[in-house]
Amino acid sequence: MKKAKIILDKDFEVGKIDERLYGSFIEHLGRAVYGGIYEPDHETADELGFRKDVMDMVSKLGVPIVRYPGGNFVSGFNWEDSVGPVENRPHRLDLAWFTTETNEVGLHEFAEWAKKADSEIMYAINLGSRGPENARDIVEYANHPSGSKFSEMRIANGRKEPFGIKLWCLGNEMDGPWQMGQKTAKEYGRVANEAAKMMKWVDPSIELVACGSSSSEMDTFGSWEYEMLDECYENIDYVSLHRYYANPTGDTPGFLARTMDMDEFIKTVVAICDAVKGKKHSKHTVNLSFDEWNVWYHSREQDNEIWKQDKWNRALPLLEDIYNFEDALLVGSMLITLLKNADRVKVACLAQLVNVIAPIMTRNGGGCWAQTIFYPFMHASKYGRGTALKTLVDSPVYSCTDYDNVPYIDATATVAEDGSVTVFCVNRDMEEDFELELDIRSFGELKITDHILLHHDDVKAVNAEENPDNVAPTKGPGGSVENGKLTVKIPALSWNVIRLEK
Ligand code: AHR
């Protein structure tokens with residue numbers, strides 16, 4: 001058996017974990033809303049038309065914040081279309097996803113859903129086809145108590161108390177040519193700055209996320225962040241990062257190494273934020289909002305076929321990636337990467353939540369089930385709260401197409417408020433189990449209370465409505481603690497959650 005070592009020290013902290021690290025995302029796209037969270041004819045639908053079976057699954061994930069209503073969708077969206085009597089709401093062509101948006105679910109309905117899900121809303125405004133004036137109006141509508149045009153409009157629409165939305169995205173991926181109203185970094189930075197000022201003048205308690213690059217693979221990545229921040233640094237609170245990974249060639253070791261890129265991406269954006277802070281002699285620190293992350297590639301061809309046949313229909317089954325076991329391992333590793341950087345990444349959104357590149361799938365009129373990626377997210381969200389620890393991992397390494405020195409063992413650890421410790425660990429080795437030795441002396445007496453394991457012999461194994469537990473957690477082999485050293489067996493190709501308590 002191969003061996004790896006980890007040193008944990010209770011005083012060696014990355015920082016407090018912001019619970020918003022376990023956020024997710026629901027866009028008016030495909031069957032995320034219509035046929036996902038909302039299906040009034042479904043046997044489990046509540047009085048508002050929301051599926052209770054889906055809500056139960058969302059609750060299991062424990063999602064404290066949900067980004068809404070897009071995504072690319074927001075760059076052509078008029079928020080006014082989504083409020084007021086449903087029968088008066090217009091049907092609009094959505095140029096982001098070539099569907100028709102009926103606006104049956106809008107801000108008021110989604111706020112009710114979010115309340116039931118015990119989530120806050122992270123609301124994305126349109127800075128593509130619209131500008132600062134409209135940004136000001138939606139903050140007034142959502143958050144101003146009363147006595148002004150838009151707050152009174154909200155009250156007339158049946159909502160006396162303000163929605164109190166605290167976190168707002170200043171548009172979405174404004175560097176992308178696929179975006180309605182694409183901008184240069186300077187153009188966007190100027191518009192974002194003016195929108196930010198006006199939004200905060202209406203409600204000074206809000207926090208704002210400015211668009212970073214839509215991916216670290218954009219040619220303008222780096223210069224976009226610097227130039228954009230140079231325009232709006234003092235008035236924004238976070239820069240967004242988006243990243244999706246793919247494995248089109250079936251190269252599992254290379255795919256599982258992609259978190260090396262994610263870590264580098266985060267560290268580069270942190271460096272740029274701090275460089276702008278230095279240049280401006282500022283006391284303000286801008287943190288990171290990794291508000292779109294996941295695996296995304298399985299559904300691309302299917303989507304092109306759908307658009308060939310079915311453009312402009314409502315709720316087209318778009319971006320319905322069926323996730324396999326290796327995707328769950330990468331998602332686990334992505335969660336580990338977010339935790340390792342929890343001092344600067346304060347918000348993160350698994351993109352997305354239901355049906356659209358999602359951990360939860362539904363069939364219209366039928367059941368709902370957990371995809372493979374559901375489990376690492378649920379485990380991290382449940383146990384990865386409190387404080388993130390700096391974890392020194394000494395592991396053998398491998399080389400693959402894009403990287404050298406990829407550790408077979410990718411791991412991190414957290415301490416909860418009750419003193420319990422959780423170690424999250426992915427073994428990237430295709431063949432060999434590891435004996436993992438953890439030095440936990442600084443914690444005093446700890447014993448293993450659980451070892452949760454996610455493993456399947458077939459990296460391409462998936463879950464389906466008729467076989468929902470094909471890839472599901474089981475009990476891991478566990479281990480023993482002696483003289484402050486924990487020894488635990490980590491099976492080849494696996495996601496592990498090791499729980500330790502006094
Ligand atoms: O999450 C799907 C899409 O990916 C989002 O709409 C967009 O922001 C990104 O390109």
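**Close-ups of a predicted model**

**View 1. The largest nonpolar core.** In this predicted model, the largest nonpolar core takes in 173 residues, and the ones with the most contacts inside it are Trp-113, Tyr-123, Trp-168 and Leu-170. The top contributor is helix H10 (residues 325–340), which puts in 10 residues. Domain 1 (2–9 + 389–501) and domain 2 (18–383) each supply residues, so the core sits between the two. As a rule, nonpolar side chains in soluble globular proteins tend to be buried together.

**View 2. Around Leu-170.** Here's one of the core residues with the most contacts, Leu-170. Skip the neighbours within four places in sequence, and Leu-170 still touches Ile-125, Leu-127 and Tyr-188, then Ala-192, Ala-195, Ala-196 and Met-199, plus Leu-208, Val-209, Ala-210, Cys-211 and Ile-236.

**View 3. Arg-385 in its loop.** Look between helix H11 (374–383) and strand E15 (387–389) and you'll find Arg-385 in the loop. With 25% relative accessibility, Arg-385 counts as partly exposed. Its side chain makes a polar contact with the side chain of Glu-19, at 3.5 Å. Leu-21 is 364 residues away along the chain, yet the C-alpha atoms of Arg-385 and Leu-21 are separated by 9.3 Å. Beyond four places in sequence, the contacts of Arg-385 include Ile-17, Tyr-22, Gly-62 and Pro-64, as well as Thr-414, Val-415 and Ala-416.

**View 4. A five-stranded open sheet.** Read across this open sheet and the 5 strands come in the order E16-E1-E21-E25-E24, with mixed pairing. Strand E16 (392–394) and strand E24 (479–482) are the edges, each pairing on one side only. From one strand to the next, the twist averages 20°. Ser-480 is the residue facing Thr-487 in E25.

**View 5. Strand E20, covered on both faces.** Strand E20 (residues 421–427) has 7 of its 7 residues buried. Val-421, Val-423, Cys-425 and Asn-427 are buried on one side, with Thr-422, Phe-424 and Val-426 buried on the other. In a regular strand, side chains alternate between the two faces of the sheet.

**View 6. The partners of E20.** Strand E19 (residues 409–415) pairs with E20 in the antiparallel sense over 7 bridges, and Ile-409 stands opposite Asn-427. The hairpin of E19 and E20 has 5 residues between the strands, and in it Gly-419 takes a positive phi near 90°. E20 is also joined by 7 bridges to strand E26 (residues 494–501), again antiparallel; there, Phe-424 stands opposite Val-497.

Conventions: Residues are numbered from 1 along each chain as its sequence is written. This is a predicted model: local features need pLDDT of at least 70, side-chain atom pairs count only at pLDDT 80 or more; totals for chains, interfaces and linings use all residues. Side-chain values use heavy atoms; hydrogens and water are left out. A nonpolar core is a set of buried Ala, Val, Leu, Ile, Met, Phe, Trp, Tyr and Cys residues joined through side-chain atoms within 4.5 Å. Buried means under 20% relative accessible area, exposed over 50%, partly exposed in between (1.4 Å probe, protein chains only). Helices (H or I, at least four residues) and strands (E, at least two) are DSSP runs, numbered from the N terminus. Domain bounds come from an automatic or database domain assignment. Contact means heavy atoms within 4.5 Å. A polar contact is a pair of N or O atoms within 3.5 Å; within protein, one must be able to donate a hydrogen and the other to accept it, and residues adjacent in sequence count only if both atoms are side-chain atoms. Two strands pair if DSSP finds at least two bridges between them. Axes are lines fitted to C-alpha atoms, for helices over the stretch in contact, and angles run from 0 to 180 degrees between N-to-C directions.
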